[in-house]
Every structure is written in C-alpha cells, then in structure tokens.
Amino acid sequence: QVQLVESGGGLVQAGGSLRLSCAASGRTFSTSAMGWFRQAPGKEREFVATISWNGATTYYADSVKGRFTISRDNAKNTVYLQMNSLKAEDMAVYYCAARSMGVAGTRSSVYDYWGQGTQVTVSS
C-alpha cells in the first residue's frame, strides 16, 4: 500500500510563506499524478493543486493561483506545495493525495491514497 506523509505545516502570519512536503512510499510514485487538497473547519474538502506524473502539467484552484506552486521530485519520492502570500482563508488541514494514473486530476474522488494531513494556521 502507498503511504503518504505530509510535513511543513505550522503557524504563520498573513502574508507569510510555508512549504509543505509530502513523502511517498512505494515504487509507483514516479508514475502517479499527485494532488493537494485542504479542509477548513466547517467546510468540505476542496481542491488546491495537482501535478501530472512527470510534472509537465499542473492545475490550481482559482483561490490560490499566483500564490501557490506545486512541484515534485520523483528521485526523492516527494511532492511539494510552496505557499506564498498566505491569507487567513488559507487556514486549513492540507492533505496530499496520489492516484493510480499519471494524469493530473482536480477531483478528490479520482485519488486512491491520502496522507494524514498537516495543519496550516494563518494569523491575522
């Protein structure tokens, strides 16, 4: 089974930056599309960003375009989410996800494996 472990969350003031990491186990990471999702208190889990198996294709939620960047290092079995210009509304638990296909996807239902989540708290 694929295991995903997120890290890098924490407390940051509005306007600051954080870099989330997701380390994946297994030998299929390099062929899997990856995604980041988040869930704020009282809200449904929402799409943040996704990246194809080879990093050639990325998609972002409108709410984070221009501020967040998803990237991956297949040699390290790791996907990243660089978050800049953080806003109070970015506060949520962020989840890393992997799907069994290499094509980037924006819907949570297409992902097969999920990490435990990492908390991002933004103070204003």
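Keep in mind that the model is predicted.

Let's start with the core. The largest nonpolar core holds 31 residues. Which residues have the most contacts inside it? They are M34, W36, V79, L81, M83 and Y94. Several strands give two or more residues to this core: strand 3 (18-24), strand 4 (34-39), strand 5 (46-51), strand 7 (68-73), strand 8, strand 9 and strand 11 (118-123). Strand 9 supplies the largest share, five residues.

Now the disulfide. A disulfide is a covalent bond between the sulfur atoms of two cysteines. How many does a search of the whole structure find? One. C22 and C96 form it, with their sulfur atoms 2.1 Å apart. This pair links distant parts of the chain: C22 sits in strand 3 and C96 in strand 9, 74 residues apart. The link is left-handed, with -80° about the S-S bond. Both C22 and C96 are buried.

Last stop, D90. Find the loop between strand 8 (78-83) and strand 9 (92-98); D90 lies there. Is D90 buried or exposed? D90 is buried, because its relative accessible area is 0%, and the cut-off for buried is under 20%. What does its side chain meet? The side chain of D90 makes a polar contact with the side chain of R38, at 2.9 Å. Not counting residues up to four places away in sequence, D90 touches R38, R67, F68, S85, V120 and V122.

Note on methods: Residues numbered from 1 in each chain as written. Predicted model: local features only at pLDDT ≥ 70, side-chain atom pairs only at ≥ 80, totals over all residues. Heavy atoms only, no water. Helix = DSSP H or I, 4+ residues; strand = E, 2+ residues; numbered from the N terminus. Buried < 20%, exposed > 50% of the residue type's maximum accessible area, 1.4 Å probe, protein only. Polar contact = N/O pair within 3.5 Å; in protein donor to acceptor, adjacent residues only side chain to side chain. Contact = heavy atoms within 4.5 Å. Core = buried A, V, L, I, M, F, W, Y, C linked by side-chain atoms within 4.5 Å. Disulfide = S-S within 2.5 Å.
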